[in-house]
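Have a look at the model first, then read the points below.

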Amino acid sequence: MASEHVALKARKVAFDWQETPLHWVPGDPFTTHTINVLHLLLPAGERWFVHVYQQALPYITDDRLREDVIGFIGQEAVHSQAHDDVLPHLRRQGLDPTPYTAQVDWFFEKLLGDRTLPPGRARRWWLMERVALIAAIEHYTAFLGDWILNAEELDRRGADPMMLDLLRWHGAEEVEHRSVAFELFMHLDGGYRRRARTWALAFGTLVFLWQRGTRFFMENDPGLLDPKASWADFYRRGRAGVLPSTPAVLRSVPRYLSRSYHPSQEGDTAQAVAYLAASPGANGGR
Ligand SMILES: [Fe+2]
Ligand SMILES: [Fe+2]
């Protein structure tokens, strides 16, 4: 594992959305909008990661882990902004995400935000719950990152190269920093019951928010006469390779809950680093 360690740094990214069509997976609004949900969840979600980790920093007693967490914070701040920058483009195309993002903002800022707790045990408990939640969510960001780096079917179907580059740059950084959140959780707490409980909350919430987000986009898409979205659509796209497959999603569950889990067992750092070296967007849009 030590040989795999990469110093984490935020990259200056540049993406230009002018040429990206509304249905950037050609002829497949369901796949387009299922992936578009990332632009709804990540700006608020990753801002929340940063906010929580800034509170966790003083408790870290390991210098290398502290460096990793600082690098992680830098990367997540850029991710959040890069996905936020897609929203005006969606608005220009007649798809206003504000009603949905307002709910997501409330969720992260109010429900999962700082509570007025006295300093001491209660405050520490709430911080540890959130650190554990982030570790569980990062299991899925790494899963999705690894998936998008290998989703060649999207290229074959002519998906927009700019959007694919945004997703793969982000996915590659998720693979690159995939161990940080789990190691921070293990360093500060590591309790198995907390890991299992927060996994259930993270997984259930992600599934709930994701299917609502897909429906929201489908129903508000000005170009769709038949805005239906179902689990069968998701399952079929997974089989076709344009979305993660349902069996792969289900198989990822016992891996996170295994007592011998470590994120380094997932994904491929060399592949991520190679993508980041070649990505136009991650190198300033060259
Ligand atoms: Fe991220
Ligand atoms: Fe991440």
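1. Let's start with a pair of helices. The axes of helix 5 and helix 7 come within 8 Å and cross at roughly 130° (axes are lines fitted to C-alpha atoms over the stretch in contact, with angles from 0 to 180 degrees between N-to-C directions; helices are DSSP runs of H or I, at least four residues, numbered from the N terminus). Helix 5 is therefore oblique to helix 7, oblique being what remains once angles under 35 degrees (roughly parallel), over 145 (roughly antiparallel) and 65 to 115 (roughly perpendicular) are set aside.

2. A word on the source: this is a predicted model, where local features need pLDDT of at least 70, side-chain atom pairs count only at pLDDT 80 or more, and totals for chains, interfaces and linings use all residues. Residues are numbered from 1 along each chain as its sequence is written, while chains are lettered from A and ligands numbered from 1 in the order in which they are written.

3. Which residues meet? On helix 5, they include Thr141, Gly145 and Leu149; on helix 7, they include Leu167, Gly171 and Val175 (contact means C-beta atoms, placed from the backbone, within 7 Å).

4. Helix 7 covers residues 161-176, and its end C-alpha atoms are 22 Å apart, in agreement with the 22 Å that its 16 residues should span at 1.5 Å a residue (1.5 Å times one less than the number of residues).

5. Finally, Ala135 touches Ala181, Phe182 and Phe185, leaving aside residues up to four places away in sequence.

Methods
Helix = DSSP H or I, 4+ residues; strand = E, 2+ residues; numbered from the N terminus. Contact = placed C-beta atoms within 7 Å.
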